[in-house]
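Reader: I would like to learn how to read a model like this one. Please take me through some features, one at a time.

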Amino acid sequence: MKFTANGSSFLYRKLLDSKAFVKEGISFILLFFIIIKGKCPEDEWDESTIELFLHELAVMDSNNFLGNCGVGEREGRVASGLVARRHYRLIHGIGRSGDISAVQPKAAGSSLLNKLTNSVVLDIIKLAGVRTVTSCFVVPMATGMSLTLCFLTLRHKRPKAKYIIWPRIDQKSCFKSMITAGFEPVVIENVLEGDELRTDIKAVEAKIKVLGAENILCVHSTTSCFAPRVPDRLEELAVICANYDIPHIVNNAYGVQSSKCMHLIQQGARVGRIDAFVQSLDKNFMVPVGGAIIAGFSESFIQEISKMYPGRASASPSLDVLITLLSLGTSGYKQLLKERKEMFSYLSSELKKLADIHNERLLDTPHNPISLAMSLKNLDENNDAAVTQLGSMLFTRQVSGARVVPCGSVQTVNNYTFEGFMSHTNDYPCAYLNAASAIGIKKQDVDIFLKRLDKCLKTFRKEVKKEETVDEISNSNTGTEQLED
């Protein structure tokens, strides 16, 4: 298929939503864009093809023009060749001073990268289960600050509001996102149902009536979380938000990888109200930390959020996730999702076996599709410090990501004191250990973790037996002395 510069110029302008610039010699870019049609390709691209694609994008930026003469304060100059190569000479970043999604006339390639990345990511979100999502954009901030950006956007819509209704989840960044935005979190304690900690819907609605809907900025709910907490009851919360005309922002930090979390968002939007949902790039797409996706069901509201971002932004998160998705294709990403779900079942069954061996139990948390929890009741009863010591032992044995949660921990975050911090409730019945089956996990990871955990628990059992033996000897000697007296 042959493309001419004149014949392709209309499509190029349409792609960028701007008539600010049209460049000759872009047939290669258009060829690739037509192949994927703004969607993630089904099959992966090899590295040489991706690099060629990125180089073609880079030569469309003015700092890479032959004979370019720059006399402004920001002309894409880079002192280090290593830095330039690291960024594929895409130096201008994304957006303009007034809108992170706007096109830069002097950076056609970087602007096209931004548009294309947002389009590909939107396709993946639909593929993962939120079929009716209409708009999204990649923002070069992690989940917490991205949530803050959403709250700041809502401030202009609800100037009288000062509260955010927040079903409790013991994770500092989502709590601080509300504080940073200048709002007062209203913490709704979870209710214990069996082993699970679930949303107290009645308490949410009661608090709305007490505070007044007009004084509430939004409900800030959560999907992905550490067991025994489970995803919030999004459908019920969405219905409440619709009934009281209150915005609803969802923290979906690592929920894209879970069909169950994505289904909750889809259903919530169908039966009620969800204004935006935020997800991490590194947790869902295995890229470096520093980016998030803000998505929603109203294109105009998502555009408002993007316009709230002050100034231009780094293109690195967009570049990283685009490279990753092109290298995987939809078939590769779906395979990763399938493997993660299989590993969750495997981790669950094997951790239950190990728990039984050590007279513990795998907590019953069927509504959490990613995280598992194993009780440490016997460990906690024998030694108050043993639970935290177990966490240290696992870490020094190169087990990362496992969390040990003791009973009765107290933590103050921005002058708010959380009783039982890390357990998502004031008084959970037992100490426990968390392990998660996240995207990219392999069977080898699970097997090594279980082997090392088993060794650590056996070490504790030996120490307990030694202490019991010492106590028996001590008691025996005391008894003998009394008889002699």
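Author: Start with threonine 222, which lies in strand β6 (residues 216-222). Strands (E, at least two residues) and helices (H or I, at least four) are DSSP runs, numbered from the N terminus. This is a predicted model: local features need pLDDT of at least 70, side-chain atom pairs count only at pLDDT 80 or more, and totals for chains, interfaces and linings use all residues. Residues are numbered from 1 along each chain as its sequence is written, and side-chain values use heavy atoms, with hydrogens and water left out.

Reader: Is threonine 222 buried or exposed?

Author: Buried means under 20% relative accessible area, exposed over 50%, partly exposed in between (1.4 Å probe, protein chains only). Threonine 222 counts as buried because its relative accessibility is 0%.

Reader: What is threonine 222 in contact with, beyond its neighbours within four places in sequence?

Author: Contact means heavy atoms within 4.5 Å. Threonine 222 is in contact with Ile169, Arg229, Pro231, Asp232, Leu234 and Asn251, leaving aside neighbours within four places in sequence.

Reader: Which residue does the UniProt annotation "binding site" cover?

Author: UniProt positions are in the numbering used here, feature names are shortened, and annotations may be inferred rather than shown by experiment. The unreviewed UniProt entry gives Arg74 as "binding site". Arginine 74 sits in the loop between α3 (47-58) and α4 (81-86). Its relative accessible area is 25%, so arginine 74 is partly exposed.

Reader: Which residues does arginine 74 touch?

Author: Not counting residues up to four places away in sequence, arginine 74 touches His92, Gln104, Lys106 and Arg312. A polar contact is a pair of N or O atoms within 3.5 Å; within protein, one must be able to donate a hydrogen and the other to accept it, and residues adjacent in sequence count only if both atoms are side-chain atoms. The side chains of arginine 74 and histidine 92 make one of 3.0 Å.

Reader: In what order do the strands of the open sheet run?

Author: Two strands pair if DSSP finds at least two bridges between them. Here three strands form an open sheet, β10-β14-β11, with antiparallel pairing. β10 (371-375) and β11 (403-405) each have a single partner strand, so one side of each is left without a neighbour in the sheet. Five bridges join β10 to strand β14 (residues 432-436). Leucine 372 stands opposite alanine 435 in β14.
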